Amino acid sequence: MNKLTYNKPAKDWCNALPVGNGITGVMVYGGKTSETLCFNDCTLWSGYPKDQNNPESLKNLDKVRGLIFEGKNHEAQKLAEEKLCGFYSEAFMPLATVEMKIKTKSRDKYNRTLDLSKGIHTVTANSIKRDCFASYPDRVVCYHMESDKPFSVTASVKSALNSSVSTDNKLIITGNAPDYAAPNYVSNDRNPIRYDEGKGMAFALCAGADTNGELSFSDNKMTVKDATSLTLYFTTATGFKGYDQMPEASREAVLEKCSAMLPKKEYQQILEAHLEDYKSVFYSSNVSFEGDSDKNTKGLLADARKNGVSPALAELFYNFGKYMIVSGSRRGGQPLNLQGLWNDNIRPPWSSNYTVNINTEMNYWGVSRANLLDSAEPLLEMVWEIVQNGRKTAQINYGCGGFACNHNVDLWRKTSPVQGDCCYMLEPLCGIWLANEVLSHYKNGAYRDSVDKVVEVAREAAQFCADYLVMHDGKYVICPSPSAENSFMNNGKRCSLDYASAFNMGLVRQAFNNYLELDMNDELTEKINSIIPDLKDFAYGRNGILEYHEDYDMPERGHRHFSPLYAFYPANVIKYYENSEQTEQVRKLFYDRINHTRQHIGWSAAWGICLAARLHDSANVEMIMNRFLCKSVFKNLFSVHPPKLFQIDGNLGYVAGVHEFLVYEENGVIELLPALPNNLKNGKAQNLLVNGVKISFEWKNGEVVSVTADKPIRIMNKHLSDNVELNSNVTA
């Protein structure tokens, strides 16, 4: 299925539907006699470049390590939170809201749809057809209205930021982002939104019109009367100049840029260019579960709660995730943040930043497998920029070469820690996870025109790991070492810092493997090869693989993060077949987590699907999928983080989960349908990328009936029908 359909307008932002072109994002409400469009620009953030590195961190790092090795974890954590900390990241900002009042004498049936195959939002109501899309080729948002009966429209614009509205044969809003926006979870800041320095970047939105009606401007509004055709063109611009440059604060300069972007083409030309571009990207791959239904989206969700997820809903949710990747991440734009490209709050959840202890990485897990290589580009550019800033953090905060990056990143590529609990504050290996993610896409065919950047990212990551490791009891370990946002009991107290967490040691091993696979044959290669034999290995305890170096009591056994299983997924350090004993220890901890969870969090469920699939556990894939889609999505299919917050990572992690239960690769051998859930017995996949090879296959009743590839591949003789058809590139 490729359409979200509704018979009522959206009542609020989390029920509106998204459109975007990787630069400008819009949430469309689709009212019966009104319209609300909430605009974002990927570069509109609070703040400006700041040096938040902390020399006190390095002075106290060895003291923290010593306390941890002495078993005084609580004292170590207290010292770290006082001396190894930094300050908060900046926030992704909403740009403006356009409101329209629509008058017509007709009163007809209402319907709104989001066609994922075309990237077009459509409302039909009162004899008017209203199409909205965001064009990547022309960098413009179009809102086209057409009817056989006259209608009138009045449009106004406003912003939650400091701004002013004007008209000049177009509707205009200009303003400035704050100099600083405190995170939504900081409750003790009496002045959380600050404009006191006058350095916040300027922004602008321009709305032009093409109509056969009477067009006029007054009272800072645009009015169109007695039209049967109207196209509104929206462009956005900001004063962003680069992650390391002060932004343009002049509204006039940004307005000039924004006005110049308004198109001079006819609407039909823009539409045709949009469709050609969008379809070429969206259909670069395809997954179908042969699911179709005449139910609308609300009906599909209601049916899932009664009968389990149908093939139609499973397919629609996958395609919606792909749609948001294509709409939110394109070459030349910024990467997908916590909310992708869509946010309506000046203090959004967790600043709507790049939370890189899982969420940003999860946004991209499924991108290259889906052959969306263009959408992977912004991630590489961001990580390369993080490397540039992170070199300073590595040296100043930790006395190391390479680069370090802690868990919150913003437009200005902040790499130093924030304040707060060490379970999230002190995570300098988050940059290693970002680097490992880049390398996973590179191995799958991405970034072939940016090899130098990929190599630099891999080298700097491996260098930091080599320098940050310390010898303890004859083994190299990471210390201090958290496990993302979790904690353990030590001497009756809840603690977050230990040494040699499975999460951190998995990151190190994957970073070393990545660099060695590049075959650079240099001094760093020699150093890595000398360290690997003495790296502390994973250990096992009561509940499987140990999260920390010791089998501590865990106050939250069903914790939302699966970080100790990183080496198994998304990394490839522990391999399903080759490391069978470790795989069983992974399985044991995974089952302990999911059997004790009391939360229904979208991104955690998506990670659970990925892990269950990697474990070849189709029953738990299906169980978690049902739990996710029945309890952790809004009516518009946005992924939910409790209590009622949108985070896009769950949507995009689900895309990766589908790929995982369809395809597994180990040591160059591909297994098809390793964990196919029982409710998806029939389907086909086209042009999925595996190690840079495009493979397509079809299955019936849970068995593969045909496989083709564009380059030679080997597949396992499992889940294949007796008369499977293979093309000449496929060896079973």
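Biologist: To what number does the count of salt bridges come in this model?

Modeller: Please keep in mind that this is a predicted model. Side chains of opposite charge can pair when their charged atoms come close. A pair is counted here when a side-chain nitrogen of Lys or Arg is within 4 Å of a carboxyl oxygen of Asp or Glu. By this rule, the number of salt bridges is 34.

Biologist: Let's take one of them: how many residues apart in sequence are the parts that Glu456 and Arg391 tie together?

Modeller: The side chains of Glu456 and Arg391 meet in a salt bridge, with 2.5 Å from N to O. Glu456 lies in helix H11 (residues 451-468) and Arg391 in helix H8 (residues 373-398), so the parts they tie together are apart in sequence by 65 residues.

Biologist: Which helix does Lys527 lie in, and which helix holds Asp467?

Modeller: Lys527 and Asp467 form a salt bridge, their closest N and O atoms being 2.9 Å apart. The pair ties together parts that are 60 residues apart in sequence, because Asp467 lies in helix H11 and Lys527 in helix H13 (residues 523-531). At 33% relative accessibility Lys527 counts as partly exposed, and Asp467 is partly exposed too, at 26%. To name the two, Lys527 is in H13 and Asp467 in H11.

Biologist: What is the relative accessible area of Glu671?

Modeller: Glu671 forms a salt bridge with Lys718, the closest N and O atoms being 3.7 Å apart. Glu671 lies in strand E29 (residues 669-672), while Lys718 is in the loop between strand E33 (713-715) and strand E34 (720-726), so the pair ties together parts that are 47 residues apart in sequence. Lys718 is partly exposed, with a relative accessible area of 33%. Glu671 is buried, and its value is 1%.

Biologist: Which residues do salt bridges that share partners join into one network?

Modeller: Here the salt bridges share partners and so link up, because each bridge is a Lys or Arg nitrogen within 4 Å of an Asp or Glu oxygen. The residues in this one network are Asp277, Arg330, Arg331, Asp374, Glu377 and Asp449.

Biologist: Where does Lys635 lie, and which residues form a positive surface patch with it?

Modeller: Lys635 lies in the loop between helix H16 (618-631) and strand E26 (640-641). At 52% relative accessibility, Lys635 counts as exposed. The residues that form the positive surface patch with Lys635 are Lys8, Lys11, Lys32, Lys298 and Arg305.

Biologist: Which residues is Ser327 in contact with, leaving aside its neighbours within four places in sequence?

Modeller: Ser327 is found in helix H6 (residues 311-328). With 2% relative accessibility, Ser327 counts as buried. Leaving aside those neighbours, Ser327 is in contact with Gly20, Asn21, Gly22, Leu341 and Trp342.

Biologist: How many Å apart in space are Gly198 and Pro178, C-alpha to C-alpha?

Modeller: Gly198 is found in the loop between strand E13 (193-194) and strand E14 (202-211), and at 52% relative accessibility it counts as exposed. Not counting residues up to four places away in sequence, Gly198 touches Asp179 and Ala249. Gly198 and Pro178 are 20 residues apart in sequence, and their C-alpha to C-alpha distance is 8.1 Å.

Key:
Residues numbered from 1 in each chain as written. Predicted model: local features only at pLDDT ≥ 70, side-chain atom pairs only at ≥ 80, totals over all residues. Heavy atoms only, no water. Patch = residues over 30% accessible without salt bridge, like charges linked within 9 Å, V, L, I, M, F, W, Y side chains within 5 Å. Areas by Shrake-Rupley, 256 points an atom, 1.4 Å probe, with all protein chains shown as cover. Lys, Arg positive; Asp, Glu negative; His and termini not counted. Charge placed at Lys NZ, Arg CZ, Asp CG, Glu CD. Helix = DSSP H or I, 4+ residues; strand = E, 2+ residues; numbered from the N terminus. Buried < 20%, exposed > 50% of the residue type's maximum accessible area, 1.4 Å probe, protein only. Contact = heavy atoms within 4.5 Å.
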